[in-house]
Amino acid sequence: MVRTIKTAFGLFIFFTLLTGLAYPLLVTGAAQILFPRQANGSLLPAIDGVPAGSELIGQPFNEPQYFWGRLSATVDHPYNAAASGASNYSALNENLQEQTKIRIAALRTADPDNHAPVPVDLVTASASGLDPHISPAAAFFQAPRVARARGLNEKQIEELIQQHIETPFLGIFGEARVNILLLNLALNSLQ
């Protein structure tokens, strides 16, 4: 009996060291060597060198001179990476329908001359609540408002959007998308 307990305890210690210490150190070290930017959060520097954010996590942009991202369903504050999660509302849920109406009204108020259909990704949250991307249609929908707010030509804004469209991985996996933070940082460099 004592021998069995000693063996079990020895295996417990061995596997704790192996899977709890050695393996995480190995993976972390390999990531730092092979993919240092990604391993450190894919941070994007701003003009002053301070990180502007991560290209992997959305940020709230509410000013008319910026492109707006998807809604965030995270708890406490928008795009809270510590509380990632979806709202889990069904399409028939009254709360989701009310949030959608509020967001459409905000988009229409911000750009009253835009009568185009509002792209669905501008009025719904992603599954994680942290999505940093919108569809190209959602970016082009916002181009007139952003151009007007910045005093720029709409064609110039559309060209900038076109330059920031990320294609599906290997041409077939996923959808074309636009990273809002990268696009807004590029907008700031125009002026």
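Reader: Which residues does Ala-125 touch, not counting residues up to four places away in sequence?
Author: This is a predicted model. Ala-125 sits in the loop between helix H3 (94-110) and strand E3 (133-134). Leaving out residues up to four places away in sequence, Ala-125 touches Arg-70, Leu-71, Ser-72 and Ala-73.

Reader: What separates the C-alpha atoms of Ala-125 and Gly-69?
Author: Along the chain, Ala-125 and Gly-69 are 56 residues apart. The separation of their C-alpha atoms is 9.4 Å.

Reader: Is Ala-125 buried, partly exposed or exposed?
Author: Buried means under 20% relative accessible area, and exposed means over 50%. Ala-125 has 28%, so the class is partly exposed.

Reader: How do the residues lining the largest pocket divide by type?
Author: The pocket has a volume of about 210 Å³. Its lining includes Gly-69, Arg-70, Leu-71 and Ser-72. Trp-68, Tyr-79 and Arg-103 are also among the lining residues. The division is six nonpolar, four polar and two charged.

Reader: Which residues of helix H5 are buried, and why are they on the same side?
Author: H5 spans residues 154-163, and its buried residues are Ile-157, Leu-160 and Ile-161. They share a side of H5 because they cover an arc of only 100 degrees around the axis.

Reader: What do the buried residues of H5 pack against?
Author: The face turned away from the buried side carries exposed Lys-155, Gln-162 and Gln-163. The buried residues pack against helix H4 (136-150), strand E4 (165-166), strand E5 (177-179) and helix H6 (180-190).

Key: Residues numbered from 1 in each chain as written. Predicted model: local features only at pLDDT ≥ 70, side-chain atom pairs only at ≥ 80, totals over all residues. Heavy atoms only, no water. Buried < 20%, exposed > 50% of the residue type's maximum accessible area, 1.4 Å probe, protein only. Helix = DSSP H or I, 4+ residues; strand = E, 2+ residues; numbered from the N terminus. Arc of directions from axis to C-beta. Contact = heavy atoms within 4.5 Å. 1 Å grid on protein atoms, 1.4 Å probe; cavity = no way out; pocket = protein on both sides within 12 Å on 5 of 7 lines; lining within 4 Å. Points joined across faces, edges and corners; volume = space filled by probe spheres on them. Nonpolar A, V, L, I, M, F, W, Y, C, P; charged D, E, K, R; others polar.
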